[in-house]
Each structure stands twice: as structure tokens, then as C-alpha cells.
Protein chains: 2
Amino acid sequence: MGRWEPDARERLVVAAVDLFTEQGYDATTVVQIAERAGVTKSTFFRHFPDKRELLVAGQETLSRLLAEGIAEAPAEASPLEAVAAGLVRASTAMGPMSREVAPRLKAAVAASAELQERDALKSVSLAAAMTTALVARGVPDPTAALASELGVLAFKRGYAEWSEGDRPPEDDFATYLLKALDELRAASASLG
Amino acid sequence: MGRWEPDARERLVVAAVDLFTEQGYDATTVVQIAERAGVTKSTFFRHFPDKRELLVAGQETLSRLLAEGIAEAPAEASPLEAVAAGLVRASTAMGPMSREVAPRLKAAVAASAELQERDALKSVSLAAAMTTALVARGVPDPTAALASELGVLAFKRGYAEWSEGDRPPEDDFATYLLKALDELRAASASLG
């Protein structure tokens, strides 16, 4: 099996995460990111308006995919089944690059208050996207909000499981997400 | 009934939130906040190391109270009952000032990407504080994470209900929190 070949966009993300880890988010410039990725500055700007958007872009894609998956779930699907469909759809955006970069991204976030805030906002945005999509399906308000939080929690927990340790590279991210969601559904029975 | 009389610390928070709303978080200086609050710059620094901490201080208090309430809940309390105890404890930190400032805080957050990120990080921090306290009680991991998310959601929803509209000022915040948590518990039965 051939090794995964990142394109310019992916190389830019990997280079940015590495530089954020090494020298911090604030100290890292667009020029440095482009240089490390082996592309020109104008190639950077063809993909991202600035270094901030480089991180936000992934979040918007995930939000859109989660919402689409929820919207297209069968009409008879329960709120959590719709969330599961959203997670499966979102998993298609997370390829080998996401997995490869995960440990360094985690280290970069751990070291930067600014990236922690951005990461937290990402969770809130994903939850909001799912809640809107669930409400549009007719799921009543408190249930929609709760199902979305389970979705975010499943995403975080599944992502952590998927991206840590030495698992075979063909491991499917969707499997991890659905397992995490299932564990949370089971846990909801023991809340009291 | 006498009108609520804010002390210097509360006046600083109200002044800061107003200035953030009027001119943005970045453009607001410590000198301006102190001036608006009618105190000296050194009074500001007696209460807060900088304007960032002015917002973070409340979050640390809430996290501590949530954790204490959970830790001190009866041994036989279910995870959600322990969360309820945490919410009741946390509600003691939210007095008339919190309620009075809420609409302006909401406007300031809506207008500032930086404050949205800070607000999102606050939710994550509160959830983490509750999860740690629940795990220390012996609540297993996925249940603890889930119960904490319900707690954060109840806090947000109860806070929104409590701080919006024209309710009598003696309305107890704890009542709103417990009602919100109860609605979420009921909703968890219809997740599917």
C-alpha cells in the first residue's frame, strides 16, 4: 500500500501545526508556514486567507457535514440515530492527514491558551450546527440540544481513541465515532 | 426593598462589560475600566491582575463551587443528583450583579470573536471541573463526562431563562438551574 501523499493544502496544515507546537501560535507567520510546507506564500493564500482561517476551515467543513448527515437521515430516525448519521458523514473529512497530525495538534493546543479557546469554540460550533439540523427535523428543543452534546462528546472521544496509539492505518474513523456514541447512549441510562 | 449596592469589584465587572459592548474587548484598557467604575487604577489591580482575568475570575469560582457541591453530595446520590448539588452550590456565586449585567454581557460576547472563544472555553472548563469531581466520587468515565455536559447545558439554559425577561428580582437562580437539569433528564429518555 502506497504511503499517503499529502497535497499542498494538507502540507500547509501539517506545517502550521508543527510550527505552532515548536514556537507557539502567535510567533508563527504565514511565510514560515509556507516555507515549511515547501510552497510559495501565494499558494498559502490560495488556500487560506490567514493563519487563523487555516484552523477554522476544518471546523466549517465538519459543521456542514454533520448538518447534512442529520438532515438526510431517514424521517423515522431517532435524534441519536440522526446524530450518528451526521458523525458518519463528518468522518469522511478526517483522513490519514488528520490522524497523522493529531498528536502534534494536541501538543500545540495544550501549550497555547489561544488554541485552547479556539478548540473550545469549535466544540460549541459543532454542537450548534447539529442542534439547528435536529430542530429542522422537528426534534424538540431540549432533546435537540442534548443529542448534539452527545454528538460532540462522541466526536471528541472517538477522535481521541482513533488518533492515539498504534492502530492499523486503514482503521475507519466512523467506527470509532459510532462506538463512542453507543457508549454514551448506554451511559445515559445510568445518570440517575 | 433597597436597590442592590455594588461593591468596587462588581462595579469593575459591570464597567468592563459595558466598555467591551461599546467599543470592543481589544480597544478597552484597564484605565478606562477603572475610570468608568469610579475607582483608581490601583483598586483595579487589587482585584484583578489584568482585564483578561476579570472575566476568568468568575469561571474559576464557578468551577470550584460546582466541584465542591458534587464532592459533598450524599454518597448515595446518583451522578445527576450530584450535578444538581453542584449547580445549587454554584448558584450562590450568581447574585443580582450577574443578572443585571447578563444582557450586556450577552451583547458583548455576540460582538467579539475573542469573547466567544473565552466563553466557549468557560463551558469546557466547567465540564472538566465537574467530570473530575464525579470521577473522584467513583462515577465511571463515560457517565461522568455525560453528566457533566448535562450540567453545563443546564447551567447555560437556566442562566438564559433567569437573566432574560422581567422576572421578580428575588427569583432564585438555583430554581432555574434545577428546572433546566430536570428538563434535560426528561429529554434524555427520548434520545432514541
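A residue counts as buried when its relative accessible area is under 20%. The structure described here is a predicted model, in which chain A averages a pLDDT of 89 and 94% of its residues score at least 70. Chain A is superposed on chain B by a rotation of 180° with 0.0 Å of shift along the axis.

**Helix H5 of chain A**

- Helix H5 of chain A spans residues 79–91 and has 13 residues.
- From its first C-alpha to its last, H5(A) reaches 18 Å, close to the 18 Å expected at 1.5 Å a residue.
- The buried residues in H5(A) are Pro79(A), Leu80(A), Ala82(A), Val83(A), Ala84(A), Gly86(A), Leu87(A), Ala90(A) and Ser91(A).
- The cover over these buried residues includes four helices of chain A: H4 (51–71), H7 (113–136), H8 (141–163) and H9 (173–188).
- H5(A) has the highest mean pLDDT among the elements of chain A, at 97, whereas helix H6 (residues 96–111) of chain A has the lowest, at 84.

**Relation between the two chains**

- The rotation of 180° with 0.0 Å of shift superposes chain A on chain B with an RMSD of 0.0 Å. That is the relation of a two-fold axis.
- Of the interface residues of chain A, 100% are also interface residues in chain B, so the copies meet through the same surface.

**The interface**

- In chain A, 28 residues are in contact with 28 residues of chain B.
- About 2800 Å² is buried between chain A and chain B, and carbon and sulfur atoms give 64% of this area.
- Glu117(A), Leu146(A) and Leu191(A) supply 27% of the area that chain A buries against chain B, which is more than any other three residues.

**Salt bridges between the chains**

- The side chains of Glu117(A) and Arg118(B) form a salt bridge at 3.0 Å, N to O. This pair crosses between the chains, from helix H7 of chain A to helix H7 (residues 113–136) of chain B.
- Glu117(A) counts as buried because its relative accessibility is 4%, under the limit of 20%. Arg118(B), at 8% relative accessibility, also counts as buried.
- A salt bridge at 3.0 Å, N to O, also joins the side chains of Arg118(A) and Glu117(B).
- The side chains of Asp141(A) and Arg157(B) meet in a salt bridge at 2.7 Å, N to O. Asp141(A) lies in helix H8 of chain A and Arg157(B) in helix H8 (residues 141–163) of chain B, so this pair joins two chains.
- Asp141(A) has a relative accessibility of 42% and therefore counts as partly exposed.

**Salt bridges within a chain**

- Asp182(B) forms a salt bridge with Arg185(B), and their closest N and O atoms are 2.6 Å apart.
- Asp182(B) and Arg185(B) are three residues apart in helix H9 (residues 173–188) of chain B, so about one helical turn separates them.
- Asp182(B) counts as partly exposed at 40% relative accessibility, and Arg185(B) is partly exposed with a relative accessible area of 34%.
- In chain A, salt bridges that share partners join Arg64(A), Glu68(A), Glu72(A) and Arg89(A) into one network.

**Two individual residues**

- Ser98(A) lies in helix H6 of chain A and is buried, with a relative accessible area of 12%.
- Leaving aside residues up to four places away in sequence, Ser98(A) touches Ala93(A), Tyr159(A) and Trp162(A).
- Phe48(B) is found in the loop between helix H3 (41–47) and helix H4 (51–71) of chain B, and it counts as buried at 2% relative accessibility.
- Leaving aside residues up to four places away in sequence, Phe48(B) touches Arg9(B), Leu12(B), Val13(B), Glu53(B), Leu54(B) and Ala57(B).
- Phe48(B) and Trp162(B) are 114 residues apart along the chain, and 27 Å separates their C-alpha atoms.

Definitions and conventions
Residues numbered from 1 in each chain as written. Chains lettered and ligands numbered in written order. Predicted model: local features only at pLDDT ≥ 70, side-chain atom pairs only at ≥ 80, totals over all residues. Heavy atoms only, no water. Expected span 1.5 Å × (residues − 1). Buried < 20%, exposed > 50% of the residue type's maximum accessible area, 1.4 Å probe, protein only. Contact = heavy atoms within 4.5 Å. pLDDT = per-residue confidence, 0-100. Least-squares fit on C-alpha atoms with pLDDT ≥ 70 in both. Buried area = accessible area lost by both parts, 1.4 Å probe. Salt bridge = Lys/Arg side-chain N within 4 Å of Asp/Glu carboxyl O.
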